[in-house]
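This report goes through a set of side-chain contacts and backbone features one by one. Please keep the sequence and the 3D view open while reading.

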Amino acid sequence: MTRTDNMRADDSLLLLGRLDGRLHGSPCADIFLARARLEGAAALAGLAGVPIAVRDLQDWIAGRMPPPRASEGLNDPISVAAVFHLALSRDEDLNDPLARATLKALRAVLDDRTQAEVYGAEDLAHFGPMWRQLRTAADAPFPSVDILAVANRIFQLFALTEPAAPGSWDVVSVDGRALDLPPRGRDRNWLIAAAVPRMLYRAGFTTRVIPSFILMPKFLPPSTSTRSSVRRRASRPIWPSRSGARPLSSPACSLPIRDFNQQPSRACST
C-alpha cells in the first residue's frame with residue numbers, strides 16, 4: 001500500500017512527527033493557530049462564493065474597514081461575517097487550552113458574534129441549524145482510522161445538506177410567454193468543509209484541530225471510489241504516441257521527457 005491510496009492515522013510518519021516535542025511545545029504554536037484561523041476562514045469564504053484574502057480579515061479585525069465585501073454593493077450569497085462566525089464557533093467546545101486561549105484573544109479584539117448579528121443575521125438563521133446538525137454528525141466515532149473513513153463521512157454529510165426540491169416561480173413575460181423559473185440555490189458544501197478539521201482531529205490524524213486544514217474542493221466527485229481512480233490516473237504522466245497514450249516509465253521507450261512535441265522514435269513504435 002502506498003501512502004497516496006488510503007493513509008491511516010497510525011502511519012509511521014505521523015507517529016514519528018508526534019515524537020518531536022518541538023511540534024507540541026513550540027512558543028509559536030499560538031501564533032500558528034491564530035494565523036491558521038484566518039487562513040481557514042478565508043478558504044471557507046471562497047468555497048461559500050465570497051472570495052476574500054487573509055489581508056482583508058486582518059484589516060477588518062484591526063478596525064480599518066467593515067467586514068470584507070459588506071460595503072461593496074455585491075450580490076453575495078452570504079456575508080463574510082456569518083462565515084467567519086461559524087468558522088470560529090467550530091472550536092468553542094474544544095478542551096484544548098491553547099485553542100481556547102487563541103479564540104479568546106481573537107474575540108477580545110473583534111467579537112465575531114456581534115458582527116454576525118449586525119451584518120449576517122439572516123444568514124445565521126438560514127445556515128445555523130444545518131451547521132449544528134453537521135457538527136454533531138461530524139463528531140460521531142469513525143469505524144476505522146484511515147483517510148477513506150473521513151472521505152466517506154464527508155459524503156454522508158453531503159447527503160444531509162441536499163435541500164428538498166423547492167417550488168418554482170411562474171412568471172409571465174410581456175409578450176404572454178409563461179416562464180418556470182427555479183429559485184436560486186445556496187451552496188452548502190462550505191459547511192462540510194468547516195467540519196473537516198474536526199473530523200481529522202476525531203479520526204486521530206492531528207493532535208489538535210488545525211483550522212486551516214479544509215482540504216475540500218468546491219465541487220465534490222460522485223463518490224470516494226471515483227475520486228481515488230481519478231487521482232491514480234492523474235498521478236500517471238503520459239506522452240502522445242502513434243498507438244495512444246503510454247506512461248513515461250514504459251521500458252519500451254527511451255525518448256527523453258523534454259521531447260514531448262517531437263515525433264516518437266522507432267524505439268518507441270509498436
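Where is the place of His126? His126 is in helix H7, which covers residues 121-138.

## Basis of the report

The model is predicted, so local features are given at pLDDT of at least 70 and side-chain atom pairs at pLDDT 80 or more, while totals for chains, interfaces and linings use all residues. Residues are numbered from 1 along each chain as its sequence is written, and side-chain values use heavy atoms, with hydrogens and water left out.

Helices are DSSP runs of H or I with at least four residues, numbered from the N terminus.

His126 has a relative accessible area of 35% and is partly exposed. That term covers the range between buried (under 20% relative accessible area) and exposed (over 50%), computed with a 1.4 Å probe on protein chains only. His126 and Ile78 are 48 residues apart in sequence, and their C-alpha atoms are 9.9 Å apart in space.

The whole structure contains 2 aromatic pairs. One of them is formed by Phe127 and Trp190, with 5.5 Å from centre to centre and 65 degrees between the planes, which makes it edge-to-face. Phe127 is in helix H7 and Trp190 in helix H9, so the pair ties together parts that lie 63 residues apart in sequence. Phe127 and Trp190 are both buried. For such a pair, the ring centres of Phe, Tyr or Trp (its six-membered ring) must lie within 6.5 Å; planes under 30 degrees apart are stacked, those over 60 are edge-to-face, and the rest are tilted.

## Salt bridges

There are 14 salt bridges in the structure. The term requires a side-chain nitrogen of Lys or Arg within 4 Å of a carboxyl oxygen of Asp or Glu.

One of them joins Asp91 to Arg37, with 2.8 Å between the closest N and O atoms. Asp91 lies in the loop between helix H4 (80-89) and helix H5 (97-109), and Arg37 in helix H2 (residues 29-47), so this pair ties together parts 54 residues apart in sequence. Both Asp91 and Arg37 are buried. Glu92 forms a salt bridge with Arg107, at 2.8 Å from N to O. This pair links distant parts of the chain, as Glu92 is in the loop between H4 and H5 and Arg107 is in helix H5, 15 residues apart. Glu92 is partly exposed at 33% relative accessible area, whereas Arg107 is buried at 14%.

Which residue forms a salt bridge with Asp59? The partner is Arg55, and the closest N and O atoms are 3.7 Å apart. Asp59 and Arg55 are separated by about one helical turn because they are 4 residues apart in helix H3 (residues 54-61). Asp59 is buried, with a relative accessible area of 14%, whereas Arg55 is exposed at 51%.

Salt bridges also link Asp93, Asp139, Arg198 and Arg202 in a network.

## A charge over a ring

Arg153 lies over the face of Phe142, 4.2 Å from the ring centre. The cut-offs are NZ of Lys or CZ of Arg within 6 Å of the ring centre and within 35 degrees of the ring normal.

## Positive phi angles

Arg69 is not a glycine, yet its phi is positive, near 70 degrees. Arg69 sits in the loop between H3 and H4.

Leu215, also not a glycine, has a positive phi of about 55 degrees. Leu215 is located in the loop between helix H9 (189-202) and helix H10 (224-234). With 58% relative accessible area, Leu215 is exposed.

Note on methods: Helices (H or I, at least four residues) and strands (E, at least two) are DSSP runs, numbered from the N terminus.
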